[in-house]
Amino acid sequence: MQKVGVIPGDGIGPEVVREARKVLDVACERCGASIDFEEFPLGAAHYLRTGEVLADETVSRLGEKHAILLGAMGDPRVRPGVLEKGVLLRLRFHFDQYINLRPVQLFEGVPGPLAGRDRKVDMTFVRENTEDFYVGLGGRVGRGRSRTDLDLVRRAYEAKFDVGIDLRDEDELAFQIGVVTKGGADRVVDFAFGLAKEKGLRLVTSVDKANVLTEVYGLWREAVERASKRHGMDREFLYVDAVALHMVRSPERFGVLVTPNLFGDILTDLGAALQGGLGFAPSGNINPGGVSMFEPVHGSAPDIAGKGLANPVGAILSSALMMKALGHPEAAKDMERAVRDVLAGGRHMTADIGGGASTSAVGDAVASRLRSM
Ligand code: ATP
């Protein structure tokens, strides 16, 4: 018996998770998987009622699960960041989910910027999830402080670069430091090569900006070189700006891309836009040796919550990623195919892509397609 913790969360989270669960139930039935789902009522309602965002005891109970399925976090009644940081980020860090896995595929019948171009787009982003410019290392100097701070910065800068920095006494300065560690890069890059191999590919694309951010991405590139040799596979290095261009111009050229945190964050939203919108994009926060968490990329979308308008596809595809991670790859493939077939049918589209189907009608259609496969 495998155990999954389900956190429906806020806004449209519970609505899309309900549909994912419908599809999961059919998938389990078909492949004989025995999964126990336990719901955890975290999110705004829980926080407003109890004053507690996420109890330590809940974290340990989630730690006993094989995976977590999450809907969305965030609510207009709660200061932005409290729930997102208190639940999502805390779980991500606690379980050291160092890989953010985001596949980008086009679906026949879904309107989007690339629709009608008859292209096979199937790229998977493996984004580093814990380091880079998101480590929170930075500060501001000069704002209402003594000029000693500024002098210190000026002197440190001049000593390092042998050129002056133009800081007037009344000036302010802000800085933020990106951090890449050898171990942090090695482990995510290694996962990317393994995934590419599993997909029958020979090449991994590494994304960076090593021509400007030479230190952090220099170290990153060394990790890619090492993994390429170790796996006996090819690698290419592309700058993030070039990747953005190619994603729109010739997305079919990509297979598996491995990216540092910040660039991965930006490019995968571009990927979601290419797919037809946030409602289609799935993701996994993965620790291959620990508890991974699967969630649609979209947020809680309070503007459409409770109206049956939410697109559940991102959540359903996230649960397919979860099934694969739980060791049921055939079930995952079938779930994806069921989504594909339903979308291609053209009758079950939610309002975000100009359709009139409700959230549950789409979930029902996918579940029933899966049942009939
Ligand atoms: P967050 O900061 O939590 O990511 P956000 O407000 O930036 O949240 P979302 O909540 O993801 O972003 O959504 C932005 C808008 O996109 C929503 O207001 C909604 O109109 C639309 N949207 C997002 N997800 C979906 C979905 N699954 N189905 C339909 N529309 C969606």
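Visitor: How far does a backbone N or O atom of Gly-299 lie from an oxygen atom of the ligand?

Guide: A polar contact is a pair of N or O atoms within 3.5 Å; within protein, one atom must be able to donate a hydrogen and the other to accept it, and residues adjacent in sequence count only if both atoms are side-chain atoms. Here, the separation for Gly-299 is 2.4 Å. A polar backbone atom of Ala-301 lies 2.8 Å from a ligand oxygen, and one of Ser-300 lies 3.4 Å from a ligand oxygen. The ligand taken alone exposes 610 Å², of which the protein buries 60%. Such areas come from the Shrake-Rupley method with a 1.4 Å probe; for residues, only the protein chains shown count as cover.

Guide: The model is predicted: local features need pLDDT of at least 70, side-chain atom pairs count only at pLDDT 80 or more, and totals for chains, interfaces and linings use all residues. Residues are numbered from 1 along each chain as its sequence is written, and side-chain values use heavy atoms, with hydrogens and water left out.

Visitor: Which residues surround the ligand?

Guide: A residue is near a molecule or strand if one of its heavy atoms lies within 4 Å of it. The surrounding residues include Ile-12, Leu-278, His-298, Asp-303, Asn-311 and Asp-352. By class, the shell has five nonpolar, five polar and two charged residues. In this scheme Ala, Val, Leu, Ile, Met, Phe, Trp, Tyr, Cys and Pro are nonpolar, Asp, Glu, Lys and Arg are charged, and the others, Gly among them, are polar.

Visitor: Does Asp-132 count as buried or exposed?

Guide: Buried means under 20% relative accessible area, exposed over 50%, and partly exposed in between (1.4 Å probe, protein chains only). Asp-132 is buried, at 1% relative accessibility. Ala-301 is partly exposed, at 23%. Thr-58, in helix α3 (residues 56–63), is buried with a relative accessible area of 11%.

Visitor: What span should helix α11 have?

Guide: The expected span of a helix is 1.5 Å times one less than its number of residues. The 17 residues of α11 (residues 329–345) should therefore span 24 Å, and its end C-alpha atoms are 24 Å apart, which agrees. For α12, 13 residues should span 18 Å, and the end C-alpha atoms are 19 Å apart, which also agrees. Just after α11, Gly-346 takes a positive phi of about 80°.

Visitor: Against which helices do the buried residues of α11 pack?

Guide: Contact means heavy atoms within 4.5 Å. The buried residues of α11, among them Met-335, Val-339 and Leu-343, pack against α1 (13–31), α10 (313–325) and α12 (359–371). In α12, the buried residues include Val-362, Val-366 and Leu-370, and their cover includes α1, α10 and α11.

Visitor: Which residues does Arg-21 touch, not counting residues up to four places away in sequence?

Guide: Arg-21, which lies in helix α1, touches Val-6, Phe-37 and Glu-39 on that count. With residues up to four places away in sequence again not counted, Thr-58 touches Phe-40 and Leu-42.

Technical notes: Helix = DSSP H or I, 4+ residues; strand = E, 2+ residues; numbered from the N terminus.
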